[in-house]
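Okay, thanks for making time for this one.

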2 protein chains.
Amino acid sequence: MSTDQRRQTGVVRLWRHLRQLTFIASLACAGLPASARAQEVGPITLERFGSFHVGGRMVEISGQPIREYMPTVGGTLNRIDPNGSYMVGAMYAQYMIPSPQRGTAPLMLWHGAYLTGVTYETTPDGREGWEHFFLRRGWATYVTDAVERGRSGWAMVPEIFREPVFLPLQNPWERFRIGDGPGSFARKTTAPGAQFPTDQDSYLNFMRQVVPRFLSTDEDVLAGYAALLERVGPSVVIAHSQGAALAWQLAQRRPELFRAMVLVEPAGTGDMAQAGRLKDIPQVFVYGDNMDPRWSSIRSNVRRFAAAIRETGGQVDEIDLPARGALGNTHMVMMDHNGNVVAKLLQEWLTEHGFWR
Amino acid sequence: MSTDQRRQTGVVRLWRHLRQLTFIASLACAGLPASARAQEVGPITLERFGSFHVGGRMVEISGQPIREYMPTVGGTLNRIDPNGSYMVGAMYAQYMIPSPQRGTAPLMLWHGAYLTGVTYETTPDGREGWEHFFLRRGWATYVTDAVERGRSGWAMVPEIFREPVFLPLQNPWERFRIGDGPGSFARKTTAPGAQFPTDQDSYLNFMRQVVPRFLSTDEDVLAGYAALLERVGPSVVIAHSQGAALAWQLAQRRPELFRAMVLVEPAGTGDMAQAGRLKDIPQVFVYGDNMDPRWSSIRSNVRRFAAAIRETGGQVDEIDLPARGALGNTHMVMMDHNGNVVAKLLQEWLTEHGFWR
């Protein structure tokens, strides 16, 4: 045995030792699918993370009175002249880039009306949310607040934005199919087998996430999403409720910004007359259980819209959750106890369509 | 030379090779203390991350008209009865828990007026912010939005919250010592050596972060911070501007919730008559450069407040940035080009006082 061979033997032994350590570490992850072992549970390694604002426009305000106020104990009198230029309609995004990446495009997580990006973060009862789910599978995730909401900020009312709308406690319970219809909040009754965490703490945590929306800002919101996709590049967009309708509307204007669309309980559609604009974007939509007349009517509109896209040669799939064995899903699918069962169906769809490797 | 010796030689060679690689990698981190090298650059491993809301109170609203609106194309008519119970005054927090942890308490990052937790995230010109800085040093970080702002949401005006105030473009430029006083925004002139990124893109990115504040919500804001610290436990609190004044005010009510206080450009103080309530909390405050009459006056108030705490036996340090060689710092220290120079001084203070190991 030459000196060189012997040196190599030493290296090989160290290598085997390291492999053994790795094997021991892997036992902690036993039972998980091989593809997901590394980050399914336990620590998450981020290549990088951060946030930014995009978009917005300048508005001039004049003729407003000057304000003076004492901002805080130990401060000095503040004098605010509210006249001048405002940056309004900008949009906030927070990104987490995992290592290694397995998604073939950035993954957008767009929320619905009266909500913010918190929709996709930790659930109201403290479980990991869909942001965690997709990050752990190697997707570069972008959680955003629509223009006018959350960290995107809002603008003077009624000078710039008009008509904020607020939700009282009973409204989502009865309208998001958590309860069983009108009066159910007062009765404290739930839809059959409702998967939303309906204990009082969890429901109040959900209501703590609820923020005002405005009835006059759709064009600003759409411009914000367009600026986001222009900056990040063509993306896979998961969009919920109002966000899904807005995603379809933006995709009809700017189809080149969308790689795929995953529409979760869409609250509306795009423009039926322009369905063909969506024919080159793979799409899937999904609804939960316990449909009431209002949601059945919306789903009928969405199914007609999907049929119109298909007629132009497009591809729109539907995942009917109860038909796939997922029962009791409310409008807030990602917060439901079985939210990850649904996320896995979406992940499978994305994998089958070549967006994950 | 025996076989065993030769094997050992191979291992030693591999070891030296690894050490050499490590040395090369370490050049990128030259000048940092050895203890901080591991995560100074490159990927970050999180033990866990997530978000939650805390606090809030119930408000009853009655006598408001019912609203009907068409929320989106393809939706159905929405009928919102705004009367009922509202959850208002809740507060949003996002946490990142690194692995390994080196801080001896959770680290709070509280923002100032007209801003949100974004203050501590990526800077307006795209550099890592103080959240990254402290996370990379093993601190469990909590970035929060004060009640009424960002993802904490706001409440009906004027029924619940009163008097939102908005900031036009010129205001922070002239009031945060980015420019050189009144008229400097129109002149496009900056304070001498201003460290804030003053190119147009960066300043507009900063203004995209600006949100309304309210003049009637201090008690709600204080209650939110109290609920946060009750949930997370006694913490090291880094607080900026208005947030620093609020932190002092809360600490006077609930000193047991604070392990240490780092007050960055405080915009006010606590109650001078109750300075003794703060005597058991180690504190440091820091101001930047180019003080104008208004900020000089506020700093004088803060110095008198600090003196009053010291007279009761407390410990309050001051870091005078220009005197420590850090020149040109604006009010938005954490966004300044030399923001990490300041963060290092704060990290040193925390280490010297036993809050980091």
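So, start with Ser202(B): leaving aside its neighbours within four places in sequence, this serine is in contact with Pro124(B), Asp125(B) and Pro197(B). Keep in mind that this is a predicted model. Ser202(B) sits in helix α5 of chain B, which covers residues 200-209. Now look at Asp125(B) again: it is 77 residues away from Ser202(B) along the chain, yet the two C-alpha atoms are separated by 5.1 Å. And is Ser202(B) buried or exposed? Its relative accessibility is 3%, and the cut-off for buried is under 20%, so Ser202(B) counts as buried.

Let's hop over to chain A and find Thr116(A). This threonine is in the loop between β5 (107-110) and α2 (130-136). Its relative accessible area is 0%, so Thr116(A) is buried too. What does Thr116(A) contact, leaving aside its neighbours within four places in sequence? Within chain A, the list is His111(A), Thr144(A), Asp145(A), Arg149(A), Gly150(A) and Val211(A), and from chain B there is Arg151(B).

That brings us to how the two chains go together. Chain A can be laid on chain B with an RMSD of 0.0 Å, using a turn of 180° and a shift of 0.0 Å along the axis. The two copies are therefore related as by a two-fold rotation axis. Also, 100% of the interface residues of chain A are interface residues in chain B as well, so the copies meet through the same surface.

Of its 357 residues, 60% are buried. If you take contacts between residues at least 6 apart in sequence, 73% join residues at least 24 apart. The chain exposes about 13,500 Å², with carbon and sulfur atoms supplying 52% of that.

Last stop, helix α8 of chain B, residues 293-311. At 1.5 Å a residue, its 19 residues should span 27 Å, and the end C-alpha atoms are 27 Å apart, so that agrees. Several of its residues are buried, including Trp295(B), Ile298(B), Val302(B), Phe305(B) and Ile309(B). Remember, an α-helix has 3.6 residues a turn, so residues three or four places apart point the same way. What do the buried residues of α8(B) pack against? The partners are α3 (170-175), α7 (242-253), β11 (283-287) and β12 (316-320), in chain B. And just after α8(B), have a look at Gly313(B), which takes a positive phi of about 100°.

How values were computed:
Residues are numbered from 1 along each chain as its sequence is written. Chains are lettered from A and ligands numbered from 1 in the order in which they are written. This is a predicted model: local features need pLDDT of at least 70, side-chain atom pairs count only at pLDDT 80 or more; totals for chains, interfaces and linings use all residues. Side-chain values use heavy atoms; hydrogens and water are left out. Buried means under 20% relative accessible area, exposed over 50%, partly exposed in between (1.4 Å probe, protein chains only). Contact means heavy atoms within 4.5 Å. Accessible areas come from the Shrake-Rupley method with a 1.4 Å probe; for residues, only the protein chains shown count as cover. Copies are superposed by least squares on the C-alpha atoms of residues with pLDDT of at least 70 in both. Helices (H or I, at least four residues) and strands (E, at least two) are DSSP runs, numbered from the N terminus. The expected span of a helix is 1.5 Å times one less than its number of residues.
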